[in-house]
Protein chains: 2
Amino acid sequence: MGEVAEKEDRRARARLARREQLIAATVKCIARKGLSSMTLSDVASQAGLSQGIVNLHFDSKENLLNETLRHVADDYRIQFQRALSRAEPTPAARLQAVLELDLKPSVCDRNKLAVWFAFWGESKARPAYRKISGEVDQDYDNDMKRLCADVIEEGGYENVTAEAATEALTSMTYGMWLSCLINPQSWDRKAAKDAIMSYLRNVFPDHYA
Amino acid sequence: MGEVAEKEDRRARARLARREQLIAATVKCIARKGLSSMTLSDVASQAGLSQGIVNLHFDSKENLLNETLRHVADDYRIQFQRALSRAEPTPAARLQAVLELDLKPSVCDRNKLAVWFAFWGESKARPAYRKISGEVDQDYDNDMKRLCADVIEEGGYENVTAEAATEALTSMTYGMWLSCLINPQSWDRKAAKDAIMSYLRNVFPDHYA
DNA sequence: CAGAAAAATGAATGATTATTCATTCAGAAT
DNA sequence: ATTCTGAATGAATAATCATTCATTTTTCTG
């Protein structure tokens, strides 16, 4: 690699780092003030930088928000894939791994959840948001459906369909995220996990007894 | 009742009607544009009235939003009580009635859901919102817990605690609302109901077989 | 019907805030 | 050391929007 290329690399890396810094500041601001009262000044000062900085790096507020949502979505996708690949390679273990991930502090974190819900709350109004979060939702749903179908086939369960189990589990997860976001003091990670495990034990007794 | 009082009544009723008209317009605007880009002009023209009308009736935008959330919350509370009182007076039937209500079009309606999620998305930032929606959430949770506990006691179930069942069912409901809001085309009311009923059959087999 | 009171209007105001841009700064190239 | 380049600043600008208020319209009263 030539020196010129290396310099350009360094520039590019610094640029990227600044963008991520601004996105992190945006996440904090959305959590603190909500989408509707968050201003670009808030973001700049949260990042310890000056007024014009966001437009310099992101051109517009709209674009900053899109990139922020994309960043949070990618972050989740990566954790999801990692959880899947680290789990024992049985459908039951993989299913459990995904459900546990969704309650881990690295996912079930009030700042990140605030971002998800802020955008979900506006998704009807903004196709761009719907597109970004829709991709993650879609993949998540497909993977869950396959895992549930595999568990059901393996156990020969006739008490539930893959669709019903998927619907129940994904809905529960979303609902728990909401509780975590809006009732932080009373919400209890362990109780949430118990509820999920109780479901699994009742519906797939041979796998989670 | 004297004529004066009657007249004042008429005035008061007209005033109330206009306020409700404006709240209805606000709900539509929140659903269409999201909390963050909804303006008072939008609300006024959605209602077919003029610029200054909102401040005339609600003093401020902030107040309009609070009243709107309160209205949606009261609407839910009323439907909830009605569903409870109409159901057969057994815990199992009452529990099912509540869960079915939550999927009925009169509750699971994209406009109303958009309002709930818009405010939930901002609740961390705005204590006023948290207070209003918190009351409903709290009551809901308490009622569900009692119903689950009664069903469990009646059936002598030992496979699940009232807490876990409540957590599972309320979370599922919230999650289904979210799906209904953000995936309107693929979301399916009947599949959601199936998932809930499947849960009930598996966990409380003697009651929902 | 006249006049008073209330409701509604919509143009004007003021505050907020996204965006622009002339200027400064830091560091790389020559 | 000097010049050049891209990054960053922050004051100025422009747009948006909540709010106000003088005026008009509607409704009620005697």
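A crossing of two helices counts as right-handed if the near helix is turned clockwise from the far one by less than a right angle. The legends below describe a predicted model.

**View 1. Helices α7 and α8 of chain B cross at roughly 130°.** Here α7(B) covers residues 127–155 and α8(B) covers residues 162–182, and their axes come within 9 Å. Angles from 65 to 115 degrees count as roughly perpendicular and those over 145 as roughly antiparallel, so this pair is oblique. As α7(B) passes α8(B), the crossing is right-handed.

**View 2. Here's who meets whom between α7(B) and α8(B).** From α7(B) come Y140(B), D141(B), M144(B), K145(B), C148(B), A149(B) and I152(B). Across from them, α8(B) brings A162(B), A165(B), T166(B), L169(B) and T170(B). Sort the residues of this contact by type and you get eight nonpolar, two polar and two charged.

**View 3. DNA strand C is surrounded by 20 residues.** The closest are T39(A), L40(A) and G52(A), along with S50(B) and G52(B). Helices α1 (3–33) and α2 (40–46) of chain A each supply at least two residues of this surface, and so do α1 (3–33) and α3 (53–58) of chain B. The top contributor is α1(B), with three residues. By type, the surface near DNA strand C has 10 polar residues, five nonpolar and five charged.

**View 4. Chain B superposes on chain A with an RMSD of 0.1 Å.** All it takes is a rotation of 179° with 0.0 Å of shift along the axis, which means the two chains are related by a two-fold axis. Both copies use the same surface, and 96% of the contact residues of chain B turn up again in chain A.

How values were computed: Residues numbered from 1 in each chain as written. Chains lettered and ligands numbered in written order. Predicted model: local features only at pLDDT ≥ 70, side-chain atom pairs only at ≥ 80, totals over all residues. Axes fitted to C-alpha atoms, helices over the stretch in contact; angles between N-to-C directions. Helix = DSSP H or I, 4+ residues; strand = E, 2+ residues; numbered from the N terminus. Parallel < 35°, antiparallel > 145°, perpendicular 65-115°, else oblique. Contact = placed C-beta atoms within 7 Å. Nonpolar A, V, L, I, M, F, W, Y, C, P; charged D, E, K, R; others polar. Near = placed C-beta within 6 Å. Least-squares fit on C-alpha atoms with pLDDT ≥ 70 in both.
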